[in-house]
Amino acid sequence: MRNFKVDILVFGRFHLFDLAKQLNKSGVMNKLFTTYPKYKVKEWGLTKEKIVSKVIYEIIMRLTYKTGIKNYWFNSFLKTLFSNKVSKELKKNDVFIGSSGSSLETLIKAKEEGIVTIIERGCSHYNYQQNILTEEFSLQGLKYNPDYPCWQRELLEYELADYISIPSSFVKRSFLEHGIPEEKLLVNPYGVDLSKFKQIPKTDKIFRIIYAGGLTFQKGSHYLLQAFNELSLENCELWHLGSINEEMRPYIEKYKNENIKFLGHKPQNELYKYYSQGSVFIMPSIQEGMAMVQLQAMACGLPLVCTTNTGGDDLITKDGEEGFVIPIRNVEAIKEKILFLYENQDIAKEMGKKAKARVSSGFTWDDYGDRYIKNLERILVAKNK
């Protein structure tokens, strides 16, 4: 069954461009409404006729970010304007997929038209996310300012949508805990592009921990810095790839160590070079849906050490097979796993081989797309009965 059409709305990009690419390959993609310029979107294989670009909203958003001021009310206002604009252009097709927090008005229009509606949520339930971040900031002696405007939009989207597409068992648990019916949840893990993330030879014998992503409280970066500093292992480095939030500056100073290398943001098409120089990839996040850097690192032959709240437990078949799953906020657990792999580097390499095999079969973007199409076919068959 492929005689249906799908529209997608996304403020920005996220994984929805990869979804659009997969749906386009299957012949069901109608329009992608986005704030990105058309020339950029075309890199995902969509023709200009299938791209509706509202780039002015992206420009305004980025200009506000450059001021260094986070104004949640203004961001929510922009997303409302964008969604309102798209709602007036949406034609009656079979399925509408919208990114969470920025799709409310178009979602309402789609519901009025009798279109199947799906909200894409990349992180845990918004209540869970905001509550655990409030808790984490409090533990660090700071005040967290929740994004109340987006929070309200998200909860209404969850209520109105026919389905919510989520990337991991962890996210599913968070939604069930907050009263969302299981039949409304579509669990579909994200993918990795194996043509871009490939293992190349390691050029030295340094035991190297790789962490990619923002250095933030949400990512649990401070726990990793503390663990590495306390271990103080010889011939061992920690590489961080990504941006650094201001909240982390005191921790960088506190755990100052010449073997911690802050390498900054790296282009996606160069990340494999850095992953391949590692010995283990560590994801210590407090919460997220499924960190795609985990898939990327595993594709480059790294074993994974991750918390229960990263989606990584869906990638590891058994503890100690492709990696280890540990509790959040547990410095001792991080140290224990680093030390085990450091002292058993042959085992670490074998785990890395298994990690690579694991994501190479079942966790590519094609696998993600196939699962998504099957979900859509099942939904539409049930609707038309």
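Does Ser76 count as buried or exposed, and at what relative accessibility? Ser76 counts as buried because its relative accessibility is 10%. Buried means under 20% relative accessible area, exposed over 50%, and partly exposed in between, with a 1.4 Å probe and protein chains only.

This is a predicted model, in which local features need pLDDT of at least 70, side-chain atom pairs count only at pLDDT 80 or more, and totals for chains, interfaces and linings use all residues. Residues are numbered from 1 along each chain as its sequence is written, and side-chain values use heavy atoms, with hydrogens and water left out.

**Overall build**

The protein has 15 helices and 13 strands. These are DSSP runs, numbered from the N terminus: helices are H or I with at least four residues, strands E with at least two. The radius of gyration is 21 Å, close to the 21 Å of the globule rule for 385 residues, so the protein is as compact as a globular protein of that length. That radius is taken over C-alpha atoms, and the rule is 2.2 Å times the number of residues to the power 0.38. Along the principal axes, the C-alpha atoms fill a box of roughly 65 × 45 × 40 Å. Of the 385 residues, 55% count as buried. Among contacts (heavy atoms within 4.5 Å) with a separation of 6 or more, 65% come from residues 24 or more positions apart.

**Helices α5 and α7**

The axes of α5 (residues 104–112) and α7 (residues 148–160) come within 10 Å and cross at roughly 20 degrees. That makes α5 roughly parallel to α7, a label for angles under 35 degrees. Axes are lines fitted to C-alpha atoms over the stretch in contact, and angles run from 0 to 180 degrees between N-to-C directions. From α5, the contact uses Leu104, Glu105, Leu107, Ile108 and Lys111; from α7, Arg153, Leu156, Glu157 and Leu160. These residues divide into five nonpolar, no polar and four charged. Here Leu and Ile count as nonpolar, and Glu, Lys and Arg as charged.

**Two sites**

Ser76 lies in helix α4 (residues 72–89). Asn259 sits in the loop between α10 (249–254) and β10 (260–264). Asn259 is partly exposed, with a relative accessible area of 26%. The table leaves aside neighbours within four places in sequence.

| Residue | In contact with |
|---|---|
| Ser76 | Pro149, Cys150 and Arg153 |
| Asn259 | Phe228, Cys236, Glu237 and Leu238 |

Asn259 and Tyr272 are 13 residues apart in sequence; their C-alpha atoms are 21 Å apart in space.

Note on methods
Angles under 35 degrees count as roughly parallel, over 145 as roughly antiparallel, 65 to 115 as roughly perpendicular and the rest as oblique.
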